[in-house]
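My entries follow in the order in which I made them.

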Amino acid sequence: MSRSADPARRRAARTWWRLLGAAGALLLVLLPARPAAAHAVLLESQPANGTTVTAAPRVALLRFNEDISPEFSTASLLDSTGRTVDGTRIAADRQGPRQLALQMPALAPGTYGITWRVLAEDDGHTTNGVVVFTVGSPSPGAPALQTSDLGDGTPPPPDILRRWLGLCLLAGLIGALAVAAVVLRPTGAAAPEPVRVAVDEARRRTLTLAAGAGALAAVVGGADLAVQTYRSGPLGLSTAVILLSDTRWGNLWLAREAVLLALAALAAALRSPNRGPYLRGAAPWAAAGLLVSAAVTVEALGGHAASVGPARTVAVAAVAVHALTACLWLGGVATLALLLARSGGSDLLRAVGHRFTALAAAGVGLVVATGLYTAGREVDSVRALIDTTYGRLLIAKSALLAVAGGLGLVSALRLHGRVAARPAAPSRRLLAAEAAAAVVLLLLAGALVETPPSRQSTALDAGATTAVTRTGSVADIVVSVTVTPNRPGTNGFTVLAASSRRPPPAEIEDVTISLDRGSTAVALREIEPGRYFGTGDLSEPGAVQGTVVIQRGGARLMVPLQWTVPTPAAAPQRPRDRLAPITNVAAVVVLGVLAVLGGWRLTAVRRRRPLAVPADEREQRIREGVR
């Protein structure tokens, strides 16, 4: 590359890093918003959370909004001090794919907590929570109202980054294959020799990029399996085998890895100049198209669409089209940006870049239409767009989508001569900015996939309240406290405490929670490493001052926390500002506009197409032209 290209490359790199930094800051702003719901939401329990029963049933039932995996779903019964109650076990006879049954012994009067952890069959996410109930006399002010523990829906940053990397590689794979098949298809003998050579060389580089992206995406899938295995049970081969064979998530993982490896192998074979006759012609590209369709379908089946509301087949199809067109557009833009960065890239894209315009325009239109439809299914109301993490991420993604689309429109107008008097070479700056926006868009898409959708659940219709979680730190110890169900009366207190230093200076010896300025102390017991549980009473609604007291190495460390106990209210009504009718109408309008523009484009092409000329007359015209 010439020296004159170095400043442009440095400017493009600075643009990428600035946009990535802005995306990181944006996520820090968006993620602290109020969570929407857990992936596998506990809809109801028997006994109900926060209630008092005169006699405990011999079987406790937990009902969720999604199918759960029985092999990786557990529950245990704890007394008020956090000690495990003997004689409990998961019932072998399940009441349904969405229920978990815990057999319990005869219980003495007192307060108990059921801690549960389940693996959702649809999206493979593990969620947990606590159900608190009292046997015997009710605590003062304890309401007899059902509720559910929705937990904290904020996704862990490592999960977002892993999902983002997987989406980037999938977009790179699909976009590179689209560029190789459509933009860099052979130009024919009529094109100048330098253009034919440049196109062939660029096609081989693009297919190399596709093969590498597919292989790396499969590696990221292996990391997903390792993380899921660790969360589901003891990290080992037996847990992984059970996870892959007995859960829907595992079946989808196997299908996804097989498709990614097949696409990577096919791209590597297509780039070879000495490939066999079976890899020539349209057949291998048709096979690549089928494999790409399978890849985006598997992505859709493993997402929110497979578990949200009715008409799931339509929802999965919409998400699959959304993923396909987004990867074609965003991955194609990134591929063209890489081609443009090389010496001679401007001349190459000036010759064949117009082929990408129609593909990108159709892709953007379908991304918008399917995104509107999906948003209406997964976000209940206009208010939820502001109040929930999922809604705020969706707004940010839509805004960035508009920016990327605007940059692409300017690039297309320059390429087709609609800005200047004649067609101009593609701008490195514009294409690099569009590619950087694409990377940030995929980051927000990864956060959306990992964030629970803001959908109305049966639990909320029953008047449920959510648990509250507060975090703090002292010295090197990070503390998280969850209060369930956070209402006047008996509540469960779950504390996570861990040192940020490795190895920690000393082991934690004891954890208690002091309430009402020290007048009440809740003793906690360690139920698993770093996790403590106990029960206590909250007297009335309003602000609560609590202090987590940690005994470690002879030192007494305190973390003050504050939260609010809401006043028990009637069950909320279904929102009147429902989002679905608005987004559905907008999606239909976008599809209509896309159809009109597509028809106009086809008509214009047919009008410009020359009439068929007999061969002898065509040869005569050529000879006259040569003279």
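Helices (H or I, at least four residues) and strands (E, at least two) are DSSP runs, numbered from the N terminus.

I noted that this is a predicted model, in which local features need pLDDT of at least 70 and side-chain atom pairs count only at pLDDT 80 or more, while totals for chains, interfaces and linings use all residues. Residues are numbered from 1 along each chain as its sequence is written, and side-chain values use heavy atoms, leaving out hydrogens and water.

Next I looked up the partners of β8, bearing in mind that two strands pair if DSSP finds at least two bridges between them. Strand β7 (residues 110-119) runs antiparallel to β8 and is joined to it by 10 bridges, with tyrosine 112 as the bridge partner of phenylalanine 133. Strand β2 (residues 51-53) pairs with β8 in the parallel sense over 3 bridges, and here threonine 51 stands opposite phenylalanine 133.

Finally I turned to helix α2 (residues 157-183) and helix α5 (residues 248-270), whose axes come within 11 Å and cross at roughly 40°; axes are lines fitted to C-alpha atoms, for helices over the stretch in contact, and angles run from 0 to 180 degrees between N-to-C directions. α2 and α5 are therefore oblique to each other, since angles under 35 degrees count as roughly parallel, over 145 as roughly antiparallel, 65 to 115 as roughly perpendicular and the rest as oblique.
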